[in-house]
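User: Hi! I'm new to this one, could you walk me through a couple of its features?
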Amino acid sequence: MNLARMYISELKAEFTGYNGKRFTKDLMSGLTVAAVALPLAIAFGVGSGASAAAGLVTAIIGGIIIGALSGASFQISGPTGAMTAILVTLAAKYGIKGILIACFLAGIMLVIAGILKLGRVIYFIPSSVITGFTSGIAIIIALGQLDNFFNVTSSGNLVITKFFSYFTKEFHPDPYTAAIGTLVVVVMLIWPKKWNEKLPSSLASLIIVLIFNYFARFDVAVVGDIPKTLFLQDRLTLQMLKEVELWNFFIPALSIAALAMIESLLCGASAGKMKHERLNGDLELIAQGIGNAIIPLFGGVPATAAIARTSVAIKAGCETRLTSIIHSVILLLSMFVLAPVMSAIPLSALSGVLIVTAWRMNDWENIRYIFEHKFKSGMAKFLITMGATVVLDLTQAIIIGVAFAAILIVVRLTDIEVTISEIDPDKLSSIGINLPVVSDKIRVAYLTGTIFFAVVDKLITQLSELENTKVLILSMRGVPVIDLSGIQGMIELIHTLKDNGTEVMFTSVQPKVLTEMKRGGILELIGKDNVFGSAEHAIIMAHTHL
């Protein structure tokens with residue numbers, strides 16, 4: 001009920017003062033997005049192991065249903081390149097039936113995720129893990145298109161094994177097929193950016209290839225017949241769900257749901273900054289879930305919010321979620337009007353589109369930043385996640401990346417820094433503390449890090465072996481947490497120092513740590529008068545004692 005109220009509230013805010021001028025902006029942005037979405041929908045439909053029609057149906061139904069229910073006014077959903085990485089493997093094992101069933105189950109999972117308020121989960125995944133995940137998917141997409149690009153047949157279950165099979169078996173690419181694919185790649189790469197705003201490079205390259213092949217008459221594989229209907233022959237039915245063991249599709253569905261969640265929330269977070277509007281992550285997950293549960297009933301493939309189309313919509317002046325719906329209506333009209341033209345598109349041309357799209361998927365700015373500034377942990381997380389994405393299941397890759405990031409955090413927590421210094425009279429004088437003589441037997445140890453079981457031995461070793469020290473002041477400003485083992489280790493350290501004739505004082509102890517120290521009996525052991533608010537006060541008292 002709360003989510004329903006939020007949705008209604010957001011709709012009211014979005015359409016307050018809506019007029020003809022704002023509708024014109026939505027209409028123009030919808031036309032622009034449709035021009036970008038048309039070639040991508042066809043390419044992703046074929047690239048996923050389904051059909052061009054399945055990609056179009058996904059973009060149409062997803063744009064209407066998910067766009068209408070979205071957690072923001074700007075999200076444009078449809079088939080994406082990242083999703084093809086999962087679907088092509090699923091299609092090879094189970095056929096189109098497997099894609100439809102897994103998509104339906106993933107939709108249910110996404111609705112549950114939204115109800116459970118998991119919309120903020122994206123903020124708990126490190127950026128380097130997401131970047132590595134995206135780059136891994138880009139590699140999968142590019143390698144997965146080589147068969148159609150060269151008109152060859154590879155072998156193996158994973159894209160990496162298929163790629164290596166080119167070198168272990170005879171590789172005889174068709175020159176005409178490869179030429180068309182190469183032409184698309186070249187056109188997309190050299191297409192001027194200022195032209196791209198009026199005519200997207202992907203659409204322009206397909207138009208050029210269609211004209212070229214119309215005159216050249218190359219004998220190459222093409223998309224084939226595109227049915228003029230939203231209800232495709234291969235679509236999900238209740239009977240289909242009864243005939244299979246649904247548990248077999250749980251893991252693929254989980255992978256689809258996880259990827260849809262990550263892509264949609266990432267898209268919303270990134271595009272939200274562009275439009276200065278915050279995405280409601282929970283509503284977005286429910287919208288994605290409902291859309292993906294309905295799309296297979298028409299014969300479509302899984303959909304997610306797509307940053308490429310969404311950013312185009314915002315730059316084109318998108319005002320409301322009507323942009324998404326308008327773009328779907330235009331795609332629907334194209335399906336009926338341009339079906340004969342689209343059916344003649346060479347498959348290698350679509351492969352070229354996907355290869356360039358895969359290249360552009362990479363977050364090059366972030367990758368460059370990580371490696372240029374030599375963030376070792378960031379580089380490790382990026383490379384491990386990217387490698388795991390290529391050779392393992394996508395869900396496993398995310399888990400591995402996040403787990404590795406968590407391990408790095410734990411390793412950092414286990415490293416406590418101990419800096420021991422003698423008293424500098426000049427520094428004391430600079431802040432107004434003038435002592436006639438400062439004993440060299442007073443030392444200050446600055447502790448930085450969490451004191452728990454893993455660092456206790458290091459702490460005791462470093463501090464208990466101090467020589468010629470009568471008073472040791474422990475500055476705890478940099479210690480946010482201390483656990484039971486840390487308390488016990490500190491008590492052991494105090495006893496050892498006392499046996500060596502060294503008095504212990506504490507300074508700058510954080511409130512939570514001080515509470516634990518009281519509970520553990522440390523203050524009783526050293527005396528409450530030996531806890532100070534600053535190192536300077538402790539030094540004065542230590543000087544007095546000596």
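Analyst: Happy to; we'll take a helix pair and then a pocket. This is a predicted model, where local features need pLDDT of at least 70 and side-chain atom pairs count only at pLDDT 80 or more, while totals for chains, interfaces and linings use all residues. Residues are numbered from 1 along each chain as its sequence is written, and side-chain values use heavy atoms, with hydrogens and water left out.

User: At what angle do α2 and α15 pack?
Analyst: Helix α2 (residues 20-47) and helix α15 (residues 307-315) pack at about 165°, with axes 8 Å apart. That makes the two roughly antiparallel (an angle over 145 degrees). Helices here are DSSP runs of H or I with at least four residues, and axes are lines fitted to C-alpha atoms over the stretch in contact, with angles from 0 to 180 degrees between N-to-C directions.

User: Which residues make the contact?
Analyst: From α2 they are Ser29, Thr32, Val33, Val36, Ala37, Leu40 and Phe44, and from α15 Arg309, Val312 and Ala313 (contact means heavy atoms within 4.5 Å).

User: Switching topic, what volume does the second largest pocket have?
Analyst: About 830 Å³. A pocket is an open set of points on a 1 Å grid where a 1.4 Å probe fits, with protein on both sides within 12 Å along at least five of seven lines; lining residues have an atom within 4 Å of a point. The volume is the space filled by probe spheres set on the points.

User: And which residues are closest to its centre?
Analyst: Of 34 lining residues, Ile86, Val88, Thr89, Leu90 and Ala92 are the closest.

User: Which helix gives the largest share of that lining?
Analyst: α4, with nine residues.

Terms used: Parallel < 35°, antiparallel > 145°, perpendicular 65-115°, else oblique.
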